[in-house]
Amino acid sequence: MKKQIAFILLIFLCVFNPNVYSQQQVPPDWIRQYEGIPIKTGLHWDWVLYNQEDVDSMINSGVDILHTHIGVKDDTLIDIGQQMSAIADLNLNVIAVKSRTGSNVLNWIQHYTDAKYSVWEAEGNPNHDANLEYKANVMDEITSGDTLKYLKLKPSAAGLQDTALVYGPFYSQEVKYLTSQDGNLDLVRYTAEYRLKLEINQQYPPIEDNPEDTICVIQVTQSSVGTGPWRLTCTDTIKQRVLKRSDFSQLNQFYEFKLDPNNPLYDYTLETKYCDSAVIGPQHHTFHSRFETTDDFIGRWHRNYIEFKVIWKGNSHYLLSIDKVTLSDIRGRELLGIVPSNAIVNITAQANSLNSYNADELITGWLGIDEPVSIDIFEPIRLVTEILDNTSQRKRPLWITMMGRWDGRWNQRDDPFGAMGLSPWTEMKKRVGQVNIIQNAYMFDAPCSPDTPPEYTACWTGEDYRSINIWRTGELMYKQAYELDPYFGVSIQTGEVHNTVAPAEQRNIHRHEFLYTAHLALMYGAKFLDLAP
């Protein structure tokens, strides 16, 4: 019994004392040094300024961290010195969103955490779970030198007609940006570059090259998937390009091929409704990066089961090698330095824009992209995190909110199609490393309720639906959040949530439900609580 009591006491100390995690040196950011459990919320700044009694009540109830714009209200400028003084007088700390210098509104941190850049190695990356796919009986893995690895068509398979040499990774891409510097949530314009090499198949006698010979087709496709059994119910080609012998200027040399060589800016967009009509909207009573409430704003909009394919057309006199496919948008190319830009300068300027306003004591972090749904965003998040950590006068880490996933996967764990059956938390950790996250997950009546249709078998196990929701929230979300970030925070539902992601049955919760959520989050290692609508 004494051992049990000692164990319980140890768990209590680890949860409630932030100094009992590790003796190693840690960056001086606020969550690791905070004594107790911070309470965070987000508020419009004009409400903070002109509702003093309510603000005092909020602070007395324990709220001490806000996320808000600094020097900006509804895209108009406010007195930044007055605002920072009010924050100091209220004894509040801030996770900042927008800030400004002079008349320039800065939203570069969100702007570039909403960039797109990912490299899909043909042979796969052993450090990642989500990869392109290929058939081992068609392609060989080749190693050249110390680092270059790629796939090469087997001579015995060179006569195969209309064969996908690589395909997958079956993942999500976003249709529109959720953040921007200028407030315009534009279409994402994607570029996909395929790195390929052509050579002679030595098993056949030499032939005279015909520049019009078709070699292969490079494609981006999008599919919809059905279950029972799992199957592709539709596949649509978003963009493709036929490559001929003349496109390979020289044999035995890698070339980068874009899907649309006549457009220097981008290859494709996703606004057309393809097989998957995964358009979430219109989304009512919700906030986006501008902190405005709208009735016509289309919220999160993305397409699932995206693939990059190389289709071999069966010219057996040649062999094709595939190194990688690089996916990017203009923001990603700016951030990577592929095209000239002031990306790093602008991010650094925003990170240090509040230094003259006692910011070291008041600004505790920066809020990045809200609930990333695509792997394409992970590399930009890693780079922005690195810039903030390296260039701020103190560590003001980037904070990312993570979307709740009822089965702990992008889709669900038994989905056999590529990335859609994988864990966003695990893939983010592998691609980004240490990430500071706030976990969103609202478990009351979601995913299960007394009215859940019978085809949702996960909710009809014979167990009480509330127990199922609690288990899924704790084990499949909070536990993964802790493994990604042991200093994570949890967003606690405090009222109704109305949008197409959170159905209308997410009602106002009761006091005991609020307390239960908070205790559950702390049991799974959460270090602060974020009060959500």
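## Helix α5 and its ends

Just after helix α5, N91 takes a positive phi of about 60°; helices here are DSSP runs of H or I with at least four residues, strands are runs of E with at least two, and both are numbered from the N terminus. This is a predicted model, in which local features need pLDDT of at least 70 and side-chain atom pairs count only at pLDDT 80 or more, while totals for chains, interfaces and linings use all residues. Residues are numbered from 1 along each chain as its sequence is written, and side-chain values use heavy atoms, with hydrogens and water left out.

At the start of α5, a side-chain oxygen of D79 comes to within 3.0 Å of the backbone nitrogen of G81. Within the helix, which covers residues 80–89, the buried residues include I80, Q83, M84, A86 and I87, where buried means under 20% relative accessible area with a 1.4 Å probe and protein chains only. Seen down the axis of α5, these residues fall within an arc of 155°, taken from the directions from the axis to the C-beta atoms, so they line one face of the helix.

Strand β9 (residues 139–144) runs antiparallel to strand β10 (residues 148–153), and 6 bridges join them; two strands pair if DSSP finds at least two bridges between them. I142 stands opposite Y150 in β10, and in the hairpin, with 3 residues between the strands, G145 takes a positive phi near 75°.

β10 also pairs with strand β18 (residues 318–328), in the antiparallel sense and over 2 bridges, with L151 opposite I322 in β18.

Methods: Buried < 20%, exposed > 50% of the residue type's maximum accessible area, 1.4 Å probe, protein only. Polar contact = N/O pair within 3.5 Å; in protein donor to acceptor, adjacent residues only side chain to side chain.
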